[in-house]
Amino acid sequence: MKKTLLIGNWKMNPRTLREAMDLFNATAKGVENVKGTEVVLCPPFVFLPYIRKTKYRVRLGGQNAFWMKSGAFTGEVSPSMLRSLGCSYVIVGHSERKKYLGETLSMINKKVLAVLDEKLIPVVCIGEREKNSGNARQEVLYQMEEIFDHVKITSASNVVVVYEPEWAISTWSKGISATPEYTANVIEWMRESLGKIFGPRIGNEIRILYGGSVNSTNVRDFMEKGGVQGALVGSASLHAKEFIRLVKHSVI
Ligand code: PGA
């Protein structure tokens with residue numbers, strides 16, 4: 001059984017390098033001795049060189065990567081660049097990139113393949129746009145088929161999937177998450193579909209996390225009733241004390 005995975009996605013925060021260093025050091029130190037979990041922090045790219053030589057056990061991740069290795073792609077960052085800065089994970093296809101930057105499923109698919117090719121772990125975000133639309137199942141399954149096209153069975157067990165219903169992200173939902181029961185339902189479809197794409201054994205090995213207004217008071221419910229193996233955490237990861245509490249409470 002793989003360890004519980006907690007990923008802090010700082011998004012475009014904090015505002016300065018000093019604040020980023022303080023947040024990183026306080027968080028990394030606070031989760032150092034929590035057993036049974038793997039903690040990954042994903043700061044903005046520009047802060048990575050300053051925190052990469054961490055003496056703590058937290059792992060680092062990028063918030064995005066481009067699908068080419070190098071070349072004339074202004075503003076983009078490749079998986080190998082992230083690797084050279086000590087990253088082992090890369091978030092791919094976050095809903096905010098779809099919403100603000102027009103990222104499509106075929107772009108996300110190319111990114112997943114490029115990240116795996118670099119032996120990094122893609123953290124792939126999948127989820128429906130609207131609450132109670134009635135077609136969440138079809139939406140989620142369609143996204144999975146497109147995003148995992150051409151992913152080899154041999155590398156698939158390294159993939160991490162995040163069920164991230166866009167309507168439950170704290171910026172829009174005012175902190176109201178999906179319920180663990182609702183989540184459990186979707187996770188069941190996701191497992192079924194991963195099984196169809198990669199075969200049942202690999203389908204069961206892939207870690208599925210939940211993302212959307214997770215905090216220290218609801219994380220355990222997601223783990224116990226939501227059927228997930230961890231969480232992708234946005235706003236709660238910007239406060240070291242809250243994130244440390246969240247990591248501690250996630251241990252079942
Ligand atoms: P949130 O972000 O924890 O602030 O809701 C989660 C996400 O963006 O997936």
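**Entries on a predicted model**

Leaving aside its neighbours within four places in sequence, I found Arg207 in contact with Lys2, Lys3, Leu5, Glu38, Tyr89, Val159, Val160, Val161 and Gln229. The model is a predicted one, and I placed Arg207 in strand β7, which covers residues 207-211. I then looked up its accessibility: Arg207 has 9% relative accessibility and therefore counts as buried, the cut-off being under 20%.

Next I turned to a helix pair. I noted that the axes of α1 (residues 17-31) and α12 (residues 240-249) come within 9 Å and cross at roughly 25°, which means that α1 is roughly parallel to α12. The crossing in which α1 passes α12 is right-handed. On the α1 side I listed Leu23, Ala26, Thr27, Gly30 and Val31 as making the contact, and on the α12 side Ala240, Phe243, Ile244, Val247 and Lys248. Sorting the residues of this contact by type, I recorded seven nonpolar, two polar and one charged.

Last, I searched the whole structure for aromatic pairs, and the search gave six. For Phe148 and Phe198 I noted ring centres 5.6 Å apart and planes at 65°, so this pair is edge-to-face. The pair links distant parts of the chain, 50 residues apart, with Phe148 in the loop between α6 (136-147) and α7 (153-156) and Phe198 in helix α9 (residues 180-198). I checked burial for this pair as well, and both Phe148 and Phe198 are buried.

Definitions and conventions
Residues numbered from 1 in each chain as written. Predicted model: local features only at pLDDT ≥ 70, side-chain atom pairs only at ≥ 80, totals over all residues. Heavy atoms only, no water. Axes fitted to C-alpha atoms, helices over the stretch in contact; angles between N-to-C directions. Helix = DSSP H or I, 4+ residues; strand = E, 2+ residues; numbered from the N terminus. Parallel < 35°, antiparallel > 145°, perpendicular 65-115°, else oblique. Left-handed = near helix turned anticlockwise from the far one by under 90°. Contact = heavy atoms within 4.5 Å. Nonpolar A, V, L, I, M, F, W, Y, C, P; charged D, E, K, R; others polar. Buried < 20%, exposed > 50% of the residue type's maximum accessible area, 1.4 Å probe, protein only. Phe/Tyr/Trp six-rings, centres within 6.5 Å; stacked < 30°, edge-to-face > 60°.
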